Amino acid sequence: MADEHVAYFWEREDADAVAELLGGQVRRGRFHGEDDDEDHPWVVVTATDRAVLEQVAGEHDGWLEAPADERAPATPPPLPTEPRRLKNR
């Protein structure tokens with residue numbers, strides 16, 4: 001899929017319903033640091049228009065992955081050049 005969008009759901013039934021409506025694939029998602037398989041969300045990956053997916057996901061208690069341009073920047077902000085003064089002496 002060229003322009004894929006990802007929606008997350010806590011219930012398998014919700015993910016299956018959205019995947020059937022929009023022609024997506026259901027997978028098991030993973031959160032970093034989470035080791036309990038029962039706590040992982042269900043993921044629907046589809047090439048459907050983002051606005052349509054957002055609306056359908058909202059109707060099924062799901063949420064969308066943030067687009068790449070809204071995520072944290074690749075370069076960290078610049079570090080301060082001087083130490084921070086907590087007390088004036």
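Predicted model: local features only at pLDDT ≥ 70, side-chain atom pairs only at ≥ 80, totals over all residues.
**Entry 1: confidence**

I started with the confidence score: the chain has a mean pLDDT of 82, and 78% of its residues reach 70 or more. I noted that pLDDT is the predictor's confidence in each residue, from 0 to 100. Residues are numbered from 1 along each chain as its sequence is written, and side-chain values use heavy atoms, with hydrogens and water left out.

**Entry 2: the parts list**

I counted two helices and four strands in the chain. The labels come from DSSP runs numbered from the N terminus: helices are H or I with at least four residues, strands are E with at least two. Reading from the N terminus, I get β-α-β-β-α-β.

In what order do the four strands of the open sheet lie? I read it as S2-S3-S1-S4, with antiparallel pairing. S2 and S4 are the edge strands, since each pairs on one side only. Two strands pair if DSSP finds at least two bridges between them. Strands of a sheet pair through backbone hydrogen bonds, either parallel or antiparallel.

Next I looked at S1 (residues 5–9) and its partners. Two bridges join S1 to S4, and Tyr8 has Trp63 as its bridge partner there.

I found H1 lying across S1, S2 and strand S3 (42–46), at about 10° to S3. Helix H2 (residues 50–59) packs on the sheet too, touching S1, S3 and S4, and its direction makes about 5° with that of S1. For these angles, axes are lines fitted to C-alpha atoms (for helices over the stretch in contact), and values run from 0 to 180 degrees between N-to-C directions. Contact means heavy atoms within 4.5 Å. I also saw that residues 24 or more positions apart account for 58% of the contacts with a separation of 6 or more.

Of the 89 residues, 28% count as buried. The cut-offs: buried is under 20% relative accessible area, exposed is over 50%, and partly exposed is in between (1.4 Å probe, protein chains only). Why is S1 largely enclosed by the rest of the structure? Because five of its five residues are buried. His5, Ala7 and Phe9 sit on one side, Val6 and Tyr8 on the other, so both faces are covered, with buried residues on each.

Thr46 in strand S3 is buried as well, at 1% relative accessibility. Its side chain reaches the backbone oxygen of Leu22 at 3.4 Å.

**Entry 3: Ala66**

Last, I checked Ala66, in the segment after strand S4 (63–64). Is Ala66 buried or partly exposed? It is partly exposed, with a relative accessible area of 33%. Ala66 and Ala7 are 59 residues apart in sequence, yet 9.6 Å apart in space, C-alpha to C-alpha.

Technical notes. Polar contact = N/O pair within 3.5 Å; in protein donor to acceptor, adjacent residues only side chain to side chain.
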